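Subject: Structure handover

Hello,

Here is the structure I said I would pass on.

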Amino acid sequence: MSKNNTLKKRKTVLMQGNEAIARGALDAGVNFYAGYPITPSTEIAEIFSYELPRRGGKFIQMEDEIASISAIIGGSLAGAKTMTATSGPGFSLMMEGIGFAKMTETPCVVVNVMRGGPSTGLPTKPSQSDIMQARWGNHGDAPAIVLYPNSVMESYELSIRAVNLAEKYRTCVILLSDEVLGHMRETVNLPDLSKIKIISRIKPTIPPEWYKHFPENPKYPMPMASFGEGYRFHVTGLSHDEKGFPTNKAKEISRMMERFRKKIEYYIKDIVQIESFFMEDAKIAIFSVGITARAAKEAVMKARKRGIKVGLLRPLTIWPFPDGAVKKYLGDKKAIIVPELNEGQLSLELKRVMGGIWNYEIRKTKNIVELHKNSGELITPEEIFQTIREVK
Amino acid sequence: MPKISQKAIHKFLRHDKNFPHVWCPGCSNGIVLGATIRAIAELGYKKDNIVMVSGIGCSSRMPVYVDFNTLHSLHGRAIAYATGIKIVKPEMKVIVITGDGDATAIGGNHFIHGARRNIDMTVILINNNIYGMTGGQYSPTTPYGDRTTTTPYGNIDPVFDICNLALGAGATFVARTTAFHVIEAQSFIKQAFEHKGFSLVEIISACPVIYGRLNKKGDASAMMKSMKENVLPIKAFEKLSDKQKKGKQKRGIFVNKIRPEFIEEYDKLIKSLQDEKGRK
Ligand SMILES: Cc1ncc(C[n+]2csc(CCOP(=O)(O)OP(=O)(O)O)c2C)c(N)n1
Ligand code: SF4
Ligand SMILES: [Mg+2]
């Protein structure tokens, strides 16, 4: 990959969240991008359209988001590292394709820069209302890997990680961002290219007659041939056997479903990333992600200055949900505050996990305190701080 | 034209566990499969270098039977998947197998944009005038007045002329024939494969089990006979009076021309950017 690219030179640079996502993906080796413009994600497509041909990669603006996700899955099957980016309405349109990528275990990355919804909603305002859609949006059971940064630097890092995880675990990885994160500018310390860990899918080395595109045991590495390499495999969205051929046999279908589940479960430690901030002695915890977690951090610092023992637990990987970390860090807290830009999607999941520790009655008595906003405005540090004082 | 023996076809089929195939007796899909394989055999293409992509439908079940790189994608999306594959591996021969519903209803958008881009691929569209797979609902090519399970009182929805649609959208090779005219089908498919750009071969086909039964068209051979009588070479068709043209269709090659192809244009762009860099 060329180093004299036109994006700002490597070092400490000021850049926008969307630019950081594009930059991260390019550094991770994404060489084919297909997309359809939508606010607030459009800059990502614009940067790829400029950068990819300069690096020998390819960009195409498709006729809609369904075509975009289809093209990147096709491109990935042909051997490229691929990405698309969208927002709310486009994300909804991509769901069938995302399910297809999971079903066919085809690596690709879908970026969703969240805006207010439902429907056309609030194109230029932030939201966190696609947390559940990112997990459950496609029909059928299939685990999801979903990452969500909270700074421009992290947008760059998690973009690389999203590509790496997609390649490593052969699935569609979703990278969430939001309107504010996507458009705000911060300084980013770009690491030297040689220092970045880049993962690419492992190619099979066995003879084609032995090759199975979906072998029983989903242990890493999970070799994957591309079209045109002599393996002539079959790919279908129908339930399939190890070779990819359609099947109706219950045993083969269970094995396939188990493979989707296991390949994430086995490697949960590798996939889940979490930040804990002042959690050791905290009596009160804030559980928050993305842009809202920034406000939460400020609120924590303000409260600590006043001697209130409060901490922040922030998953960077929101799916698979960090059940283990949640139990470990939050199980003994007096109260957990969950601020989020939706009507309680993250807290719903938190309640599922905490349900095993606290019963519903206890939960109702103030232990999980939800703080919602769905009007396109951010939750402020002051609002979180006030909530901390109330539960103290 | 070298003769391809019936046995030679077996070299191109998968013998794993995919047979018997899913198609009904008398269905034209197998005829199209045979014509496609013979065209490939005649051209001497390498199996490793072919990727066959389909959507969803009876017709779209074809890829699982052939020993190529094969992708059975989503309903209507075959051309979009194929676009991604072709952009990443331009050296591969990309073949799309689709149905009338798959390509012109749910996938209409991808169909016209594929044609507009003139991206190098061959679309073989099996037009049986119905949604076969889902049990016989009307499609954008179901003739006026016909019975389907969702037109119980007869169809009032006008039809698409698929070849005109492709021409209007900018396809550079457009041909129509029928499953009865199997030698012609093989020849058109072969020419489409050798064409650089977006090529479409529409093959009018028989779905005797559903469309034929619902519309009292007789058995498969009666439907074949009707194709023979009612789908005429372009010149013969043009000679007919307007009255005689009713219920008849043209077959033949409607266009075969060269226009800049999407990936070649993109490669030129890459090269010009690299030359620019080299000069700096
Ligand atoms: C998104 C979606 N909608 C609907 C269907 C159901 N469906 C499967 S095949 C089909 C119609 C196929 O018709 P056509 O393309 O003409 O193929 P044929 O079966 O006639 O060969 C439909 C509606 C589907 N699989 N996916
Ligand atoms: S339903 Fe019609 S199109 Fe489908 S396999 Fe049977 S005959 Fe062929
Ligand atoms: Mg049909």
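The notes below cover the ligand site and then a sheet.

Please keep in mind that this is a predicted model.

Ligand site

Ligand 1 sits between chains A and B. Its shell has 17 residues, and the closest are B:Cys58, B:Ser59, B:Asp100, B:Asp102 and B:Gly132. By type, the shell splits into six nonpolar, eight polar and three charged residues. Helix α4 of chain B (residues 100-106) supplies the largest share, four residues.

For B:Cys58, a backbone N or O atom is 2.7 Å from an oxygen atom of ligand 1. For B:Gly132 the distance from a backbone N or O atom to a ligand oxygen is 2.9 Å, and for B:Met133 it is also 2.9 Å. Of the 590 Å² of accessible area that ligand 1 has on its own, the protein covers 77%.

Sheet

Nine strands form an open sheet with mixed pairing, in the order β10(A)-β2(B)-β1(B)-β3(B)-β4(B)-β6(B)-β5(B)-β8(B)-β7(B). From one strand to the next, the twist averages 20°.

Helix α9 of chain B (residues 220-230) lies across β5, β6, β7 and β8 of chain B, at about 35° to β7(B).

Regards

How values were computed: Residues numbered from 1 in each chain as written. Chains lettered and ligands numbered in written order. Predicted model: local features only at pLDDT ≥ 70, side-chain atom pairs only at ≥ 80, totals over all residues. Heavy atoms only, no water. Pairing = 2+ DSSP bridges. Helix = DSSP H or I, 4+ residues; strand = E, 2+ residues; numbered from the N terminus. Axes fitted to C-alpha atoms, helices over the stretch in contact; angles between N-to-C directions. Contact = heavy atoms within 4.5 Å. Near = heavy atom within 4 Å. Polar contact = N/O pair within 3.5 Å; in protein donor to acceptor, adjacent residues only side chain to side chain. Areas by Shrake-Rupley, 256 points an atom, 1.4 Å probe, with all protein chains shown as cover. Nonpolar A, V, L, I, M, F, W, Y, C, P; charged D, E, K, R; others polar.
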